[in-house]
Amino acid sequence: MESKNKNEANLSDLTKRFLEEVERMGVSFYNIAKSTGVKEAMFTKIKRGIQEPSKKFLSKFAECFPDANMKYIYLGNEKNNAEHDINNEAFNDYTYRFLETIEKLELTDYKVWNTLENLSKATMSKIRRGICGVSMNTLQEFCQTYQVNANYILTGKGPMFIEDEDSGSSQQDTDSMSLSYDELSRLYETTVSRYERLFGKLEKQFNELEQTITKARNELEQALLDVKNVLEEKKTA
């Protein structure tokens, strides 16, 4: 069967999946442009393979069209693959939420792979193109570096970021009971590491505060001593 798009050979996998999802949704490019605030001419370039849908645009597209299957656009529909298994499906869920969190933090791919020791530029590119998933080591480092809730990345449950945990701690405790032993171990390691860094930071702040108080006390004692000496000199004068 002949493809509807003569330029399909020039399109990236990401572009193809985006166009397929738009067709499935039955929404016009005019409406997408109007909703997302981009120029309609951009879609002509996308259909011709001149450019790919940008990360910023896809994030806005997902926000304006919540029914869009963003997991498929980013990673492809591996459920149709006969060799696909449950572990790979869960792994791709991690990858999708990893990319989702990057978009939420408004981070560039350069910033992410340049910050994380366990992630290279080439691997980040493959993750973006759906060629491979994100590793557990990278996820652990990512959660520690950017204060991301590991439970959310692993299961999709609970708040996305650690600072939101107080409001949803009860729900997270309940959700964590559904995790496997390995997932709970990773979650435990991430939590312990986070609190160790927090305690270390607090200890440093307390030490600095103690030094400041000691310095202020010494300066005050010296000032009082100077005043006392001046008063004694005046008496003897």
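Phe18, Phe29, Phe43, Phe57, Phe61 and Phe65 form one aromatic cluster. The model is predicted. In total, 10 aromatic pairs are counted. In one of them, the ring centres of Phe61 and Phe65 lie 5.2 Å apart and the planes meet at 35°, so this pair is tilted. Both Phe61 and Phe65 are buried. Phe142 and Tyr146 form another tilted pair, with 5.4 Å between centres and 50° between planes. These two residues sit four residues apart in helix 9 (residues 136-146), about one turn of the helix. Phe142 and Tyr146 are also buried.

The largest nonpolar core comprises 43 residues. Phe18, Ile32, Phe43, Phe61 and Phe98 have the most contacts inside it.

Five salt bridges are present. Lys60 pairs with Glu63, with the closest N and O atoms 3.9 Å apart. The two lie three residues apart in helix 4 (residues 55-64), about one helical turn. Lys60 is partly exposed at 32% relative accessibility, whereas Glu63 is exposed at 58%.

Arg128 takes part in two further bridges. Its side chain meets that of Glu103 at 2.9 Å, N to O. This pair links distant parts of the chain, helix 6 (residues 86-105) and helix 8 (residues 121-128), with the partners 25 residues apart. Arg128 also bridges to Asp109 at 3.1 Å. Asp109 lies in helix 7 (residues 109-115), so this bridge ties helix 7 to helix 8 across 19 residues of sequence. Asp109 is buried at 16% relative accessible area, and Arg128 is buried at 10%. Glu103 is buried too. Lys55, Glu103, Asp109 and Arg128 are linked in a salt-bridge network.

Terms used
Residues are numbered from 1 along each chain as its sequence is written. This is a predicted model: local features need pLDDT of at least 70, side-chain atom pairs count only at pLDDT 80 or more; totals for chains, interfaces and linings use all residues. Side-chain values use heavy atoms; hydrogens and water are left out. A nonpolar core is a set of buried Ala, Val, Leu, Ile, Met, Phe, Trp, Tyr and Cys residues joined through side-chain atoms within 4.5 Å. Buried means under 20% relative accessible area, exposed over 50%, partly exposed in between (1.4 Å probe, protein chains only). Rings of Phe, Tyr and Trp (its six-membered ring) pair if their centres lie within 6.5 Å; planes under 30 degrees apart count as stacked, over 60 as edge-to-face and the rest as tilted. A salt bridge is a side-chain nitrogen of Lys or Arg within 4 Å of a carboxyl oxygen of Asp or Glu.
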